[in-house]
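This briefing concerns a sheet and a surface patch. Please consult the sequence and the model shown below.

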Amino acid sequence: MWEKLFQDLDFFPTQASTMAWDVDALYLFLVALTAFFTILIIAVMAFIAIRFKRRSEDETPKGVHGSVLLEIVWSAVPFVVTMGLFGWGAYVFFKFSRPPSNAMDVHVVGKQWMWKLQHPDGKREINQLHVPINQPVRLIITSEDVLHSFFVPAFRVKKDAVPGRYTTAWFEATKLGEYHLFCAEYCGNEHSKMIGSVVVMTPDDYDEWLREDAQGGYETPAASGERLFSELRCDTCHNNLEGGNGPSLAGLYGSPVSLNGGSAVADESYIRESILDPKQKIVSGFGPIMPTFQGQISEEQVFELIAYIKTLEVR
Ligand code: CUA
């Protein structure tokens, strides 16, 4: 009932993703809680001011020496309320942080002043993102220059694009239509023009859209990555051979790696760092001999190499 009522009130952007109500419910509760205590405090203040006002010039008030009961109540009540809010907030946060396993990966690069996006099949877009309805979409976000923030109010999705790092966000659109896409982090002169839209389509329309003006299809990120991998001569060392100069990359993605002095999980960020700053983490049993590719390849090309490395399986 509350959800329906809330949708009818035009206070907030349309709720167009599975996450929207989670965020709004928590937000509404916070507003209601704040309103409740504001009114309560003002009412009690007014009551006390009238009830205990000084009645004559020489009246001296009775000393109050504390109340254990009152102390317990006003400690316990806020504790329970704030811990409840913490638990609820954490639940929403974790839900937002963990994309479902069937999510489709979209690569997002922010730059002054545009959003560059790439679909799993290789199709690229600028300042517009087409997605199928009822399909979880995982965004892997980075920036080419300064901080940006990928913000789709209708989905209640906002995530910073941080240079030198990958951040992820996910959403599942639940309503067909076109929604605003903003940059929500001041990023220079034309920050306010760094806007676009997200178009939610039926799966059929989306497939058709993917195919239109695709003469001969697109090259998937993994295929571009494979080409790059040999152009950059990565395969000289990472050749999966016994005694190779670099560790084998087969089955690397998502698996734990033992390092000189520690260990890591080979996620996107780990692989990115290993390409651009290879001396940060050295796999045990290997020397720090890999050259950096910093400045030689673009963020998109790093995505492509990662996409290719993800496809390498142990044979
Ligand atoms: Cu990019 Cu503001």
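What order do the five strands of the open sheet have? The order is 4-10-9-6-7, with mixed pairing. The model is predicted: local features need pLDDT of at least 70 and side-chain atom pairs pLDDT 80 or more, while totals for chains, interfaces and linings use all residues. Residues are numbered from 1 along each chain as its sequence is written, and side-chain values use heavy atoms, leaving out hydrogens and water.

**Sheet**
- Strand 4 (128-132) and strand 7 (157-161) are at the edges with a single partner strand each, so one side of each has no neighbour in the sheet.
- From one strand to the next, the twist averages 20 degrees.
- Strands are DSSP runs of E with at least two residues, helices runs of H or I with at least four, both numbered from the N terminus; two strands pair if DSSP finds at least two bridges between them.
- Strand 9 (residues 177-183) and strand 10 (residues 196-201) run antiparallel and are joined by five bridges.
- Glu178 stands opposite Val199 in strand 10.

**Surface**
- A nonpolar patch on the surface includes Phe36, Phe47 and Leu69; such patches join nonpolar side chains (Val, Leu, Ile, Met, Phe, Trp, Tyr) within 5 Å, from residues with over 30% relative accessible area and no salt bridge.
- A salt bridge is a side-chain nitrogen of Lys or Arg within 4 Å of a carboxyl oxygen of Asp or Glu.
- Helix 2 gives the largest share of the nonpolar patch, eight residues.
- Phe47 lies in helix 2 and counts as exposed at 51% relative accessibility (exposed means over 50%, with a 1.4 Å probe and protein chains only).

Notes
Axes are lines fitted to C-alpha atoms, for helices over the stretch in contact, and angles run from 0 to 180 degrees between N-to-C directions. Patches are made of residues with over 30% relative accessible area and no salt bridge: like charges are joined within 9 Å, nonpolar side chains (Val, Leu, Ile, Met, Phe, Trp, Tyr) within 5 Å. Accessible areas come from the Shrake-Rupley method with a 1.4 Å probe; for residues, only the protein chains shown count as cover. Buried means under 20% relative accessible area, exposed over 50%, partly exposed in between (1.4 Å probe, protein chains only).
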